[in-house]
Amino acid sequence: MRRKSQTPRRAWVEDEPLARSPKRAFGVIAASLVLLGGTLGAVSVGSFEFGAVGSPATQARALPARTPSVAQPSAGSPSPTPTPTPTPTPLPEYVEGEPYIVNGIWLINRTHTVDEKYLVEGPGTDGLQAEASKYYEKMRAAAAKQGHYIYISMGYRSFEEQTEIYARNVRALGKNQKAAAPPGASEHSAGLAADICSQEGCGNNFGASESGKWVAKNAWKYGFILRYPKTKTEITGYQYEPWHFRYIGREHTAAFHEDPELTLEEYLGVE
């Protein structure tokens with residue numbers, strides 16, 4: 001008589017779990033939980049709930065959505081104090097003829113002019129004030145390392161020179177011209193502005209050159225900003241001047257790096 005072949009028993013190995021089918025394993029777990037529920041009450045597994053034996057909840061059913069409880073303040077506890085809305089720092093009052101300083105920056109423009117006695121030539125390069133000159137020289141050295149050889153075509157400009165330049169532009173372009181500042185309104189006369197050129201050219205040619213693009217991109221690292229952006233003539237009162245850079249200090253220039261069309265008036269919140 002032919003004997004049926006038997007599958008050899010698998011040797012038991014210490015710490016090795018015995019294989020069970022998923023269905024049987026779940027049945028064992030469920031049964032254990034039902035028995036445990038008889039003593040401890042409702043027990044939940046995954047998305048199902050098992051109640052005490054003999055109760056309607058013995059049958060598996062979907063759990064309802066649970067709403068997390070929110071702690072309520074006890075009676076008599078103080079209400080939280082609302083965070084006050086910060087009040088903007090008021091702008092200083094402008095006194096005609098006096099230097100207008102906002103947030104440590106001297107603002108000089110057509111509506112904030114200064115008397116001649118405040119316009120003094122600086123001791124630095126091309127009459128720049130000392131700090132402005134120091135960082136201009138750092139910028140010039142950095143540009144040279146990149147193959148850009150820049151120089152200042154106009155730094156400090158006296159009150160008398162500004163008067164002549166302004167009059168000449170008014171005769172040529174009319175009183176509403178946006179090319180030259182009236183005397184007392186020029187940053188050059190304060191020793192804080194530099195018209196920059198390179199071997200590639202000056203004026204608009206400088207702005208279009210590789211050297212001009214380098215300065216426009218990197219000036220903020222040295223405390224300088226492009227003072228008269230292309231799209232903000234109505235705010236600055238001057239035409240686009242890609243050669244005119246104003247020193248305001250490195251602590252202020254990050255915002256101008258983020259927005260190259262930002263004006264000093266907008267940055268200071270001055271209309």
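Reader: Is Y238 buried or exposed?

Author: The model is a predicted one. Y238 has a relative accessibility of 2%. The cut-off for burial is under 20%, so Y238 counts as buried.

Reader: Y228 and Y238 form an aromatic pair; which kind is it, stacked, edge-to-face or tilted?

Author: The ring centres of Y228 and Y238 are 4.8 Å apart, and the planes stand at 45 degrees. Planes under 30 degrees apart would count as stacked and planes over 60 as edge-to-face. The pair of Y228 and Y238 is therefore tilted.

Reader: Which parts of the chain does the pair of Y228 and Y238 tie together, and how many residues apart are they?

Author: Y228 lies in the loop between β8 (224-226) and α6 (233-236). Y238 is in the loop between α6 and β9. The pair therefore ties together parts whose separation in sequence is 10 residues.

Reader: Is Y228 buried or exposed?

Author: The relative accessible area of Y228 is 5%. Burial requires a value under 20%, so Y228 is buried.

Reader: How many aromatic pairs are there, and which kind is the pair of Y135 and Y247?

Author: Ring centres must lie within 6.5 Å to pair, and by this rule the count is five. For Y135 and Y247 the centres are 6.1 Å apart and the planes make 15 degrees. That angle is under the 30 degrees used for stacking, so this pair is stacked.

Reader: Where in the chain are Y135 and Y247, and how many residues apart are they?

Author: Y135 belongs to helix α2 (residues 130-145), while Y247 belongs to strand β9 (residues 244-247). The pair thus links distant parts of the chain. Y135 is buried at 12% relative accessibility, and Y247 is buried at 7%.

Reader: Which residue forms one aromatic cluster with Y135 and Y247?

Author: The cluster has three members, and Y135 and Y247 are among them.

Reader: What is the strand order of the open sheet, and which are its edge strands?

Author: The open sheet has four strands with antiparallel pairing, in the order β6-β7-β9-β8. An edge strand pairs on one side only. The edge strands are β6 (150-154) and β8.

Reader: Which residue of β9 is the bridge partner of D195?

Author: Strand β7 (residues 193-198) and β9 run antiparallel and are joined by three bridges. The partner of D195 in β9 is H244.

Definitions and conventions
Residues are numbered from 1 along each chain as its sequence is written. This is a predicted model: local features need pLDDT of at least 70, side-chain atom pairs count only at pLDDT 80 or more; totals for chains, interfaces and linings use all residues. Side-chain values use heavy atoms; hydrogens and water are left out. Rings of Phe, Tyr and Trp (its six-membered ring) pair if their centres lie within 6.5 Å; planes under 30 degrees apart count as stacked, over 60 as edge-to-face and the rest as tilted. Helices (H or I, at least four residues) and strands (E, at least two) are DSSP runs, numbered from the N terminus. Buried means under 20% relative accessible area, exposed over 50%, partly exposed in between (1.4 Å probe, protein chains only). Two strands pair if DSSP finds at least two bridges between them.
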